[in-house]
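My notes follow, in the order I looked things up.

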Amino acid sequence: MAQEARRKEERMIERIIIICVGFFLDLLFGDPHWLYHPVRAIGQIITWTEKLLQKLLKYRSGRETDIGKKRVAGTLLVLVVLLFSIGVPAAVLAAAGSIHPYLKTGISCFWCYQLLAMRSLKTESMKVFAALKTGDIEQARTAVSMIVGRDTKSLDEAGITRAAVETVAENTSDGVIAPLCYMLLFGVLGGFFYKAINTMDSMIGYKNDKYRYFGTAAARLDDICSFLPSRIAAVYMIGAAFLLGFDGKNALYIYRRDRHMHASPNSAQTEAVCAGALSIQLAGDAYYFGKLYHKPTIGDDKRRIEPEDIKRANRLLYGTSVIVLCVGVVVLAVVAMLV
């Protein structure tokens with residue numbers, strides 16, 4: 001029993017080290033474009049599996065055709081993608097561990113670093129900020145199109161800024177806090193589990209003619225798996241707003257009022273906090289794939305949104321991430337001492 005308890009404690013300590021190393025590597029280096037990213041591999045698996053299932057099940061792409069086949073195909077895709085996204089890293093880690101434990105730990109640190117998107121989110125959003133500051137609207141539209149799903153060709157300066165702030169706020173949860181939470185709970189394989197689900201949702205979780213039924217399983221699973229992390233991110237973002245000198249009281253007020261003002265049960269959680277903390281209004285109508293979608297606004301229009309709000313949103317991103325990391329490490333350390 002004592003030996004088993006000791007092994008559990010060592011695993012907890014190792015997980016803390018892996019997550020802290022991965023976190024600070026992401027903080028320092030982000031995601032260089034030349035470095036192959038595991039999410040790209042997950043995306044390729046999704047694309048290949050989708051094409052294969054369409055050939056095997058022979059369903060048509062029309063909106064109201066072959067609904068049952070599309071739902072079955074979408075469910076099968078989720079299972080296949082999760083199998084590969086977790087099974088391949090698990091096999092690599094097992095093989096590395098059989099060679100040397102430090103090799104397994106090193107690979108885990110590297111993957112943890114890759115699965116977090118804090119620095120890259122800041123880097124890409126600051127490209128939008130830089131273009132806006134020089135007055136290059138076309139370059140700003142191009143830069144923001146790299147990080148949002150909406151149509152950007154007709155956006156003015158305020159629309160570009162709003163889109164950038166929204167994606168920083170939303171991806172504070174999806175890109176950083178959620179994978180961090182899953183890694184704290186289940187190790188690096190937990191991070192792969194979440195990133196696979198979130199990538200499926202971002203690729204096929206749409207309600208357009210092509211994916212309305214095929215993407216249902218992926219979208220619902222993402223809603224479920226993001227439910228708690230999005231709320232954890234929102235709560236700690238409120239704390240970060242107070243600590244960083246933003247309007248924490250208004251962040252809490254807007255969060256309580258507007259956290260459900262989105263078709264997704266999770267997306268407005270951190271967007272509401274960010275809007276309140278910065279005293280700006282986010283969301284509203286937007287074009288996707290050439291079609292106008294009417295969406296409620298989040299926050300109050302107390303002042304005109306400005307490019308500097310992109311920098312402020314990134315401060316909230318970093319503050320929230322550091323707080324969640326610290327709290328998570330403390331919780332793991334306490335658990336390690338108690339086992």
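I started with K58, which is exposed because its relative accessible area is 62%. My cut-offs are under 20% relative accessible area for buried, over 50% for exposed and partly exposed in between, with a 1.4 Å probe and protein chains only. K58 lies in the loop between α2 (38–57) and α3. I took helices (H or I, at least four residues) and strands (E, at least two) as DSSP runs, numbered from the N terminus. I also looked up phi of K58, and the value is near 55 degrees, positive in a residue other than glycine.

A note on the source: this is a predicted model, and I needed pLDDT of at least 70 for local features and 80 or more for side-chain atom pairs, while totals for chains, interfaces and linings use all residues. Residues are numbered from 1 along each chain as its sequence is written, and side-chain values use heavy atoms, with hydrogens and water left out.

**Another positive phi**

A283 also went on my list, with phi near 65 degrees, a positive value in a residue other than glycine. A283 is in strand β1 (residues 282–283), and I count A283 as buried because its relative accessibility is 14%.

**Nonpolar patch**

Which residues make the nonpolar surface patch of about 360 Å²? I found L83, F84, V88 and V92. The patch rule takes residues with over 30% relative accessible area and no salt bridge, joining like charges within 9 Å and nonpolar side chains (Val, Leu, Ile, Met, Phe, Trp, Tyr) within 5 Å. Areas come from the Shrake-Rupley method with a 1.4 Å probe, and for residues only the protein chains shown count as cover. I checked V88 by itself: it sits in helix α3 (residues 67–99) and is partly exposed at 45% relative accessible area.

**Aromatic pairs**

How many aromatic pairs does a search of the whole structure find? I got eight. Rings of Phe, Tyr and Trp (its six-membered ring) pair if their centres lie within 6.5 Å; planes under 30 degrees apart are stacked, over 60 edge-to-face and the rest tilted. F23 and F24 are edge-to-face, because their planes stand at 80 degrees, with ring centres 5.5 Å apart. F23 is buried at 1% relative accessibility, whereas F24 is partly exposed at 44%.

Y211 and F214 have ring centres 6.2 Å apart and planes at 40 degrees, so I logged this pair as tilted. Y211 is buried at 10% relative accessible area, and F214 is buried at 2%. I also noted a cluster in which ring pairs link Y182, F186, F193 and Y194.

**Charges over rings**

Here I wanted NZ of Lys or CZ of Arg within 6 Å of the ring centre and within 35 degrees of the ring normal. R231 lies over the face of F227, 3.6 Å from the ring centre. R259 has its charged end over the ring of Y255, at 5.4 Å from the centre.

I then looked up N266, which is in the loop between α10 (248–258) and α11 (267–278). N266 is buried at 6% relative accessible area. Leaving out residues up to four places away in sequence, N266 touches D222, D223, S226, F227, S230 and R231; contact means heavy atoms within 4.5 Å.

**Salt bridges**

Side chains of opposite charge can pair when their charged atoms come close. I counted nine salt bridges, each with a side-chain nitrogen of Lys or Arg within 4 Å of a carboxyl oxygen of Asp or Glu.

E124 bridges to K127, with the closest N and O atoms 3.2 Å apart. Both lie in helix α5 (residues 118–133), three residues apart, about one turn of the helix. E124 is buried at 18% relative accessible area, and K127 is partly exposed at 39%.

E308 pairs with K133, the closest N and O atoms being 3.7 Å apart. This pair links distant parts of the chain, since E308 is in helix α12 (residues 308–338) and K133 in helix α5, 175 residues apart. E308 is partly exposed at 26% relative accessible area.

R141 and E138 have their closest N and O atoms 2.5 Å apart. Both are in helix α6 (residues 137–145), three residues apart, about one turn. R141 is buried at 17% relative accessible area. My last entry is a network: salt bridges that share partners join R303, E306, D309 and R312.
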